[in-house]
Amino acid sequence: GDPLKVKVNKLTSIKTQLPYSYYSLPFCTPEKIVDSAENLGEVLRGDRIENSPYAFTMQEPQLCTVLCRIMIDAKTAKQFKEKIDDEYRVNMILDNLPLVVPIKRLDQASNTVYQLGYHIGLKGQHAGNKEEKYFIHNHLAFTVKYHRDLQTGSSRIVGFEVKPYSIKHEYEGKWSEKTRLTTCDPHMKRIVVNSNTPLEVEVNKEIIFSYDVEYQESDVKWASRWDSYLLMSDDQIHWFSIVNSLMIVLFLTGMVAMIMLRTLYRDISKYNELETQEEALEETGWKLVHGDVFRPPSNSDLLCVYVGTGVQFLGMVLVTMIFAVLGFLSPSNRGGLMTAMLLLWVSMGIFAGYASTNLYKMFKGAEWKKIAAKTAFMFPAIVFVIFFVLNALIWGQKSSGAVPFGTMFALVFLWFGISVPLVIVGGYVGFKKPAMEDPVKTNKIPRQIPEQAWYMNPIFSILIGGILPFGAVFIELFFILTSIWLNQFYYMFGFLFLVFIILLITCAEITIVLCYFQLCSEDYKWWWRSYLTSGSSALYLFLYAAFYFFTKLEITKLVSGLLYFGYMLIASYAFFVLTGTIGFYACFCFTRLIYSSLKID
């Protein structure tokens, strides 16, 4: 007998990617529309959660309850038709569970898949008529599933499903509040079970919204009520992708081990036995460039900034993943993932400042404040500009996905109020720390780099380096893109964590291998090249995003396309900074290791 509060969320469409608030269409409204408080992540996602006129009472089924009757004018008809055309769905929430439409599938063992939210309406033709008409779903048959707790006798809601119907309601006489429908009357045993007499969206006609509620007892316990939402079709493809990635890792690990053992061991033991000066002149490969290998690169300031930003990213991703794997960020906590990532990003600023100024000091730099400031502003500013432009586009479409001014202010505050000071503090500490000593002395005069073979061309080797890290993640990437753009839940954090670890290893190893080949051909400019080698996987990520856009998404609107590519550009840029930094540090440790084992007088 307890009242149940049904709330409405945004209208979503996978064709336009622009969410709208529920009451932007003339649905039945409660006496007063109350907005629920949303967290930062929810606002950024475009969630607008409001109360609804649906009145449910626990375990008291209802049949043919009339919600309201509206008359359609030309403007309203046009609004409904546009939204039906773009395949918009209505999202509702009961006890924090999203509303789903069960769809029977013939080909799968479990037979039912759940679609989030029901379509506002559909397009179709009357039999024997070619003209396309728009029909609206005006009768909703809700099913609330509950689990009875035997000890306390109380019940908990574990499922919220709906079957939408389109029906042309009829009644006798004039319409009043108490009018009984002839098409749907529980006393006459008439209930809606199909859409054989659908309701067309026409100007100057009425729409009567009605609903049924039935209650079903369920064996699903309250703690596992999210399982049916989160059960992805199968795990096999994820395991397949992980095995595939592990093969790449094993292959690369083998190569790194061979380089380390065979070449280095033999080379170093020989080099240290050389007494005569003539023999020393005949040394080959990487040992020849020992006097130049730690010469600071051109644009060393920029490298420091990018490495710092990468460290900030790495910290954020690692901590977010660990939280997600431990189950703190499940989809039932709407917007939790987004909020956590933003807060972690700003708090990781201290590591960014530390990493960038410490590297800068190693390059014999003196102006640490300049570097710290660049680290604090460069990456966020670029992202913010793209984000601002995209937000203006969404706002122009009057969508609820536009970030309101207050939230925009909160983001700027997070950036200037927390992130920037932390980067400066980290920068101060990093510069106070003594810089690492180079294992070998750098010559005064730079050595000439000999002519390189075609396959050692910087651009070629950088592009080759990005293929393997991308290959390690791209299957998981497909699931992530699907969950973002096709409005599904992503809950494979365990797999994602494995894939992320594999990505770290792959980036590190491919950079080491290519760096070694480069030093062997007496090219000592490895600083930037190590960053770009693994960072180039971001280019493949963006190309894959474009491929996904044209093959999997049915986006037709220009604004929606711009949105997609804008957000994927931000994602690729972030991926570049992350993978580049991993590659850089791997190569940095590798060169220090091999050159420190040389005995050079």
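The legends below describe an overview and several close-up views of one predicted model.

In this predicted model, local features need pLDDT of at least 70 and side-chain atom pairs count only at pLDDT 80 or more, whereas totals for chains, interfaces and linings use all residues. Residues are numbered from 1 along each chain as its sequence is written, and side-chain values use heavy atoms, with hydrogens and water left out.

**Overview. The protein chain with its 15 helices and 13 strands.** Helices (H or I, at least four residues) and strands (E, at least two) are DSSP runs, numbered from the N terminus. Along the principal axes, the C-alpha atoms of the protein chain fill a box of roughly 115 × 60 × 50 Å. Of the 601 residues in the protein chain, 52% are buried, where buried means under 20% relative accessible area, exposed over 50% and partly exposed in between (1.4 Å probe, protein chains only). Among contacts (heavy atoms within 4.5 Å) between residues at least 6 apart in sequence, 80% join residues at least 24 apart.

**Close-up 1. Helix α9 (residues 368-396) and helix α10 (405-432) in contact.** The axes of α9 and α10 come within 8 Å and cross at roughly 160 degrees; axes are lines fitted to C-alpha atoms, for helices over the stretch in contact, and angles run from 0 to 180 degrees between N-to-C directions. That angle makes α9 roughly antiparallel to α10, on a scale where angles under 35 degrees count as roughly parallel, over 145 as roughly antiparallel, 65 to 115 as roughly perpendicular and the rest as oblique.

**Close-up 2. Helix α11 (residues 458-485) and helix α14 (residues 537-552) in contact.** The axes of α11 and α14 come within 8 Å and cross at roughly 40 degrees, which makes α11 oblique to α14. α11 passes α14 in a right-handed crossing. Among the residues that meet are Phe470, Phe474 and Phe478 in α11 and Tyr540, Tyr544, Tyr548 and Lys552 in α14. By class, the residues of the contact of α11 with α14 comprise 13 nonpolar, 3 polar and 1 charged.

**Close-up 3. The salt bridge of Glu161 and Lys145.** The structure holds 17 salt bridges, each a side-chain nitrogen of Lys or Arg within 4 Å of a carboxyl oxygen of Asp or Glu. In one of them, the side chains of Glu161 and Lys145 meet at 3.1 Å, N to O. Glu161 lies in strand β12 (residues 155-165) and Lys145 in strand β11 (residues 139-148), so the pair ties together parts that are 16 residues apart in sequence. Glu161 counts as buried, at 12% relative accessibility.

**Close-up 4. The salt bridge of Arg447 and Glu522.** The side chains of Arg447 and Glu522 meet at 2.8 Å, N to O. Because Arg447 lies in the loop between α10 and α11, and Glu522 in the loop between α12 (493-520) and α13 (527-535), the pair ties together parts that are 75 residues apart in sequence. Arg447 is partly exposed, with a relative accessible area of 28%, while Glu522 counts as buried at 19% relative accessibility.

Conventions:
A crossing is left-handed if the near helix is turned anticlockwise from the far one by less than a right angle, and right-handed if clockwise. Ala, Val, Leu, Ile, Met, Phe, Trp, Tyr, Cys and Pro count as nonpolar, Asp, Glu, Lys and Arg as charged, and the others, Gly among them, as polar.
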